[in-house]
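Colleague: I should like to learn how to read the features of a protein model. May we go through them one at a time?

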Amino acid sequence: MIFKTKKLERSLVFLNETRDGIVSYSKINHPDEMILILKGHSKKGKMFVESLVVPPFHEAGPIFAGFPANQLPFDSDYIGMVHSHPVGTAEPSSEDLHNFFGLVSVTIKSPYDDEDIFAWDSTGNPIPILDE
Ligand SMILES: [Zn+2]
């Protein structure tokens, strides 16, 4: 028997205009950070964002957006989260990676256009974002 060690290629797809939702929610909250939970499913490494959830009890400010993960109701449909970087690059900070949640961390940098959205795995490696 042969065991395959091929690494699962990961990718992310935004469905149901969730990309537009992320863009407009980031613009509304500017210059503060925003944070949203990504709801969806994953199939063979391909992750599909189906809807966005405003986390309960979240705090946001110019340099911090977060929520206590232990306050989250258990929901297996949560695949990760997205937050904005009102200043600087879209690269995840060490704090972002430390607070990694789910399968994917999405960041969006100012001025919040479609091409300002990036996806990362738990080690900070980029995950390609595909069109539907
Ligand atoms: Zn960040």
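This is a predicted model: local features need pLDDT of at least 70, side-chain atom pairs count only at pLDDT 80 or more; totals for chains, interfaces and linings use all residues.

Colleague: How far apart are the end C-alpha atoms of helix H1, and what span should its residues give?

Modeller: At 1.5 Å a residue, the 12 residues of H1 (residues 18-29) should span 16 Å. The end C-alpha atoms are 16 Å apart, which agrees with that expectation.

Colleague: Which residues of H1 are buried?

Modeller: The buried residues of H1 are Thr18, Arg19, Ile22 and Ser26. These residues cover an arc of only 110° around the axis, which puts them on the same side of H1.

Colleague: What is the general idea behind such a pattern?

Modeller: An α-helix has 3.6 residues a turn, so residues three or four places apart point the same way.

Colleague: Which exposed residues does the face of H1 turned away from its buried side carry?

Modeller: That face carries the exposed residues Asp20, Ser24 and Ile28.

Colleague: What covers the buried residues of H1?

Modeller: The cover includes several strands, among them S1 (11-14), S2 (35-43), S3 (46-53) and S6 (78-85). Strands S7 (104-109) and S8 (117-120) are also included.

Colleague: Let us turn to the backbone. What should one expect there in general?

Modeller: Most residues other than glycine have a negative phi, and most peptide bonds are trans. In this structure, a cis peptide bond joins His30 and Pro31, with omega about 10°. Pro31 is in the loop between H1 and S2. The peptide bond from Ser110 to Pro111 is also cis, with omega near 10°, and Pro111 lies in the loop between S7 and S8.

Colleague: Why does Glu17 count as exposed?

Modeller: Glu17 counts as exposed because it has 12 C-beta neighbours inside 10 Å, and a residue with 12 or fewer is classed in that way. Asn16 has 14 such neighbours inside 10 Å and therefore counts as partly exposed.

Note on methods. Residues are numbered from 1 along each chain as its sequence is written. Helices (H or I, at least four residues) and strands (E, at least two) are DSSP runs, numbered from the N terminus. The expected span of a helix is 1.5 Å times one less than its number of residues. A residue is buried if 20 or more other C-beta atoms lie within 10 Å of its own, exposed if 12 or fewer, and partly exposed in between; C-beta atoms are placed from the backbone. The arc is that of the directions from the helix axis to the C-beta atoms. Two residues are in contact if their C-beta atoms, placed from the backbone, lie within 7 Å.
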